[in-house]
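Please read this briefing with the structure open beside it.

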Amino acid sequence: MANIGVFAVFAVATLALVYRVSRGSTSTADYYAADSRFTGAQNGIALSGDFLSAASFLGIAGSIAVHGYDGFVYSVGWVVAWLVGLLLIGELLRNTGRFTMGDVIAYRMRQRPVRAAAALSTLVISFFYMLAQMAGAGGLVALLLNITDRTGQSVVIAIVGLIMIFYVLVGGMKGTTWVQIVKAVLLLLCVTTITVFLMGQFGFSFSAILEKAVANNPLGDAILAPGTQYGHNELDFVSLALALVLGICSLPHVLIRFYTVPNAVQARRSVVWAVCTMVVFYLCTLVIGYGAGALVGSRAILAAPSGENSAAPLLALAIGGPVLLGIVSAVAFATILAVVAGLTLAASASFAHDVYANVIKRGRTNPRREVRVARIAAVVLGVLAILGGILANGQNVAFLVALALALAASANLSTILYALFWKRFNTMGTLWSLYGGLGSCLLLIAFSPVTSGSPTSIFPMVDFHVFPLNNPGIISIPFSFFCGWFGTMLGGRNESSDVQKEMEVRSLTGIGADLRQ
C-alpha cells in the first residue's frame, strides 16, 4: 500500500498547489500563457517536465532492458531534437505568436481556413500523444496494484484522467506549469537515486552491470550493439529517427510553452535548461535500463502485466523494496498526469482560441467567454483521453509516442518553417502542407503493421497492411514539405507583402510581441 499512499500524497499536494497559484485566473493571457511570467530556468524545467513522459520513464527503460542498444535510440533522438527548437523555432515562435501555433502560421494568411487546419492538427496530434500516456497509466496500475482485469485498470485510468481535468480547469497554464516543475524535479531525484543505488550494488562499475545484463538476456552480447530491434529493417530505423528528431519541437504542448516566458532570450534559455535536464535524465535511464536487465531479467520483465513498461518499477522493487517502488510509482503517475494536463491544455486552447474565437466568432469575443469555452473543451478532451486510454491499454507507450511525433513532424514542422522563413509562402501552401502531411501520415499508419498484420498490431487478427514500415516519417515528412511548396506554387502571390515584412521584423526583433497587450 506504500505506492498508493505516496501517490495519494502527491495528488493532494499538487491539487492544492494548482488551486493556490491559479486563483483569479480569468484573462486569456493568464490561462493560455501564465501571463508570460516564468523565467527561462523555470520554463526549461517545466519543458522537460512536459516532455519527459511515460514513454521516457517507463518505455525507454524497458526498451533498453529488453533490446539493449536499440532502446537507447529514443533517448539520443529526443535530446538531439531540441536543437531544432533552439536554432530554428523557439525564439521566432515566441516573438510571432501569442497563444497557439495557429497564431504563427495564420499571421499573414487567411485566418479562418488556416486556423481551422491548425486546430485540427493540434487536436489529432494531442489525442495520439494522450493515448500513449493513458496506456502507460493502465500498465502501471496493472503492475503496482496487481489489477489484471481490464475493468479495474479502466477505473484507475478514469481517476487519473479526472485529476488531470482538474489541473487544467482550475490551474490553466500557471497551475499546470508548476505541476510540471514539481514533477520534473521529483523525476530527476527519482532516477538519480535509483542510478546511485544500482551503481552501488555493482561497485560503481557500469561494465559489471552490462555483463550481468548480457547474462540475463536471451539475446546475449547482441544487446550491446545495434540491430536487436531495428536491424531487420534499416529503412524503418531511419524513419523512426526522423520522427524523433523532427517531431519534438513540432508538438503542440511543447510549442505553447515558449509563450510562458517574457522574451526571446528567456525562450532560448528555456531550451538550454531543458536540454541539460534531459541529458542527465537519459543518462540515468541508460543505467536503469541495463540495470533492470541485469537484476530483473528480460524474461521477467516481458512476463509482467505491462511488459516492457514494467522494467523501472520492477528494478525499484528489487533494489529498494516496497518504499522505493512506491516512490517510483508516484513519480510515474505524476509524469502521466503532468504530461496529459499539458496536452489537454494545448488542445483546448487551440480549439477555443483558433476555432471558437477566430473562426466561429471572427475575433469578436471577450476573454472570459473564450476561457470558458477552453475549459469546456478541456473536459470533452479529457473524457476522450480516458476512453482512448482504455482502448490503448497494453500498447507500448514509447512506440505510440513515436507515431505522435511522426504526425507532428509531418503536419506542423514544414508549415511552421515555411511560415517563418519563406516569403512567398501563402494560404494554399499552408493548407496543403498541414492537410497533406497529417493526412498522409494517418493513411500510412492505418495501412502499416502498427494497425494490422503482426502479433503486436492494434488489430492482430486481421491483415490489411500494405505499407511495410512501422513509422511513416520517412515518407510523410518530405511529402508535407513538397505539399507546402506545390500548394504555394498553385496559390500564386496572393498574400500581403506588407504583412510578411511586419512578421519578419517581429519574429527577428520581438517588437510588438508582448502577450499581455
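**Helix 9 and its two sides**

- On helix 9, the exposed residues E211 and A215 sit on the face turned away from the buried side.
- The model is a predicted one.
- Helix 9 runs over residues 206–215, and its buried residues are I209, L210, A213 and V214.
- An α-helix has 3.6 residues a turn, so residues three or four places apart point the same way.
- Helix 8 (150–201) and helix 12 are included in what covers the buried residues of helix 9.

**Helix 19**

- Helix 19 takes in residues 497–509, which is 13 residues.
- At 1.5 Å a residue helix 19 should span 18 Å, and this agrees with its end C-alpha atoms, which are 18 Å apart.
- Q500, M503, R506 and S507 are the buried residues of helix 19.
- Seen down the axis of helix 19, the buried residues fall within an arc of 130°, so they line one face of the helix.
- The face turned away from the buried side of helix 19 carries D498, L508 and T509, which are exposed.

**Where helix 3 meets helix 8**

- Helix 3 covers residues 40–51, and its axis comes within 7 Å of the axis of helix 8.
- The two axes cross at roughly 75°, and helix 3 and helix 8 are therefore roughly perpendicular to each other.
- On the helix 3 side, the residues that meet helix 8 are Q42, I45, A46, S48, G49 and D50.
- On the helix 8 side, they are T177, W178, Q180, I181, K183, A184 and V185.
- Sorted by class, the contact of helix 3 with helix 8 has 6 nonpolar, 5 polar and 2 charged residues.

**Where helix 10 meets helix 18**

- Helix 10 (residues 234–247) and helix 18 (residues 473–491) have axes that come within 8 Å.
- Their axes cross at roughly 50°, and the two helices are therefore oblique to each other.
- Helix 10 makes the contact through L235, V238, S239, L242, A243 and L246, and helix 18 through G473, I474 and I477.
- By class, the contact of helix 10 with helix 18 has 7 nonpolar and 2 polar residues, and no charged residues.

- T488 has its place in helix 18.
- Is T488 buried or exposed? T488 has a relative accessible area of 0%, so it is buried.
- Leaving aside neighbours within four places in sequence, T488 is in contact with W422, R424, F425, N426 and G429.
- L286 is found in helix 12, which runs over residues 264–295.
- The relative accessible area of L286 is 18%; buried means under 20%, so L286 is buried.
- Not counting residues up to four places away in sequence, L286 touches I64, F72 and F206.
- From L286 to V373 there are 87 residues in sequence and 43 Å in space, C-alpha to C-alpha.
- R369 lies in helix 15, residues 367–392.
- R369 has 38% relative accessibility, so it counts as partly exposed.
- R369 and L384 are 15 residues apart in sequence, and their C-alpha atoms are 23 Å apart in space.

Methods:
Residues are numbered from 1 along each chain as its sequence is written. This is a predicted model: local features need pLDDT of at least 70, side-chain atom pairs count only at pLDDT 80 or more; totals for chains, interfaces and linings use all residues. Side-chain values use heavy atoms; hydrogens and water are left out. Helices (H or I, at least four residues) and strands (E, at least two) are DSSP runs, numbered from the N terminus. The expected span of a helix is 1.5 Å times one less than its number of residues. Buried means under 20% relative accessible area, exposed over 50%, partly exposed in between (1.4 Å probe, protein chains only). The arc is that of the directions from the helix axis to the C-beta atoms. Axes are lines fitted to C-alpha atoms, for helices over the stretch in contact, and angles run from 0 to 180 degrees between N-to-C directions. Angles under 35 degrees count as roughly parallel, over 145 as roughly antiparallel, 65 to 115 as roughly perpendicular and the rest as oblique. Contact means heavy atoms within 4.5 Å. Ala, Val, Leu, Ile, Met, Phe, Trp, Tyr, Cys and Pro count as nonpolar, Asp, Glu, Lys and Arg as charged, and the others, Gly among them, as polar.
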